[in-house]
Amino acid sequence: MKLLLVEDEASLRRTLVDALRQGGYVVEVAADFAQAYEKIKLYQYDAVLVDLTLPDGDGLDLVRALKSDGSAAGVLVITARDGLDDRVQGLDLGADDYLVKPFHLSELNARLRALLRRRQFGGQHHIVFRDLLVWPEQKEVLVKGEPLILTRKEYDLLLYLLANPGRVLTKEAVAEHLCGDQVDAADSFDFIYSHMKNLRKKLQEKGADDYIRTLYGVGYKLSTD
């Protein structure tokens with residue numbers, strides 16, 4: 001899952017980035033409004049964590065921008081501003097949740113997991129797709145009841161496909177999802193082919209149907225047929 005963290009306080013930003021990356025998320029950061037605005041215009045995210053009080057703007061305007069662009073990203077507001085008016089305004093603008101500083105990392109993780117479940121999998125704690133059963137919080141994958149061992153990138157790739165059944169995912173979109181904004185520095189997308197090849201091989205070795213389709217020159221699709 002790919003996140004954007006918008007937080008101007010350097011020490012808190014480092015703490016949150018470390019915790020989120022340890023949790024398996026791909027995390028991009030923005031230290032101010034201008035950086036965050038540029039990133040949400042250029043890249044797609046599964047969730048955006050927004051501080052309201054930024055040195056050069058108001059985080060609520062970032063929420064407005066996300067919603068006006070029709071972004072599918074979940075929005076979690078994290079702020080020291082705990083006034084009722086701020087909460088109501090943020091939620092009215094389309095934020096999914098509101099977390100007041102200071103908070104425990106365990107609560108942040110729980111709120112984020114719940115947000116992503118609601119956004120991508122209808123609030124379900126597990127995902128069922130044909131002969132697959134996935135428990136995202138435990139990062140556990142079963143094929144016909146048998147456990148499937150995947151690398152982190154393979155698991156992230158599988159979850160991305162499951163969150164977008166029947167949709168064509170371009171190589172660029174897959175690369176950005178797996179690697180974040182650093183993909184701009186990549187010489188090629190050959191690493192996607194390797195991860196996809198390994199994922200398909202592991203699935204089929206467990207007896208799964210071959211439901212990942214390659215659209216040559218375009219990308220990939222999880223077939224629902």
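This is a predicted model: local features need pLDDT of at least 70, side-chain atom pairs count only at pLDDT 80 or more; totals for chains, interfaces and linings use all residues.
In an unreviewed entry, UniProt lists Asp-51 under "modified residue: 4-aspartylphosphate". Asp-51 is placed in the loop that connects β3 (47–50) with β4 (53–54). With a relative accessibility of 3%, Asp-51 is classed as buried, because that value falls under the 20% limit. Apart from residues up to four places away in sequence, the contacts of Asp-51 comprise Val-6, Glu-7, Asp-8, Gly-59, Ile-78, Thr-79 and Lys-101.

The largest nonpolar core contains 48 residues, of which Leu-49, Ile-78, Leu-108, Leu-162 and Leu-203 touch the most other members. Helix α6 (residues 152–162) supplies the largest share of this core, with seven residues. Since both domain 1 (2–121) and domain 2 (149–222) contribute residues, the core lies between the two domains. When neighbours within four places in sequence are set aside, Leu-108 contacts Leu-16, Leu-20, Leu-49, Leu-76, Ile-78, Leu-99 and Phe-103.

Lys-221 belongs to strand β14 (residues 219–222). Its relative accessible area of 26% makes Lys-221 partly exposed, because the value lies between the limits of 20% and 50%. Beyond its neighbours within four places in sequence, Lys-221 is in contact with Gly-166, Arg-167, Val-168, Tyr-211, Ile-212, Arg-213 and Leu-215. Lys-221 and Lys-2 are separated by 219 residues in sequence, and their C-alpha atoms are 19 Å apart in space.

Notes:
Residues are numbered from 1 along each chain as its sequence is written. Side-chain values use heavy atoms; hydrogens and water are left out. UniProt positions are given in the numbering used here, feature names are shortened, and annotations may be inferred rather than shown by experiment. Helices (H or I, at least four residues) and strands (E, at least two) are DSSP runs, numbered from the N terminus. Buried means under 20% relative accessible area, exposed over 50%, partly exposed in between (1.4 Å probe, protein chains only). Contact means heavy atoms within 4.5 Å. A nonpolar core is a set of buried Ala, Val, Leu, Ile, Met, Phe, Trp, Tyr and Cys residues joined through side-chain atoms within 4.5 Å. Domain bounds come from an automatic or database domain assignment.
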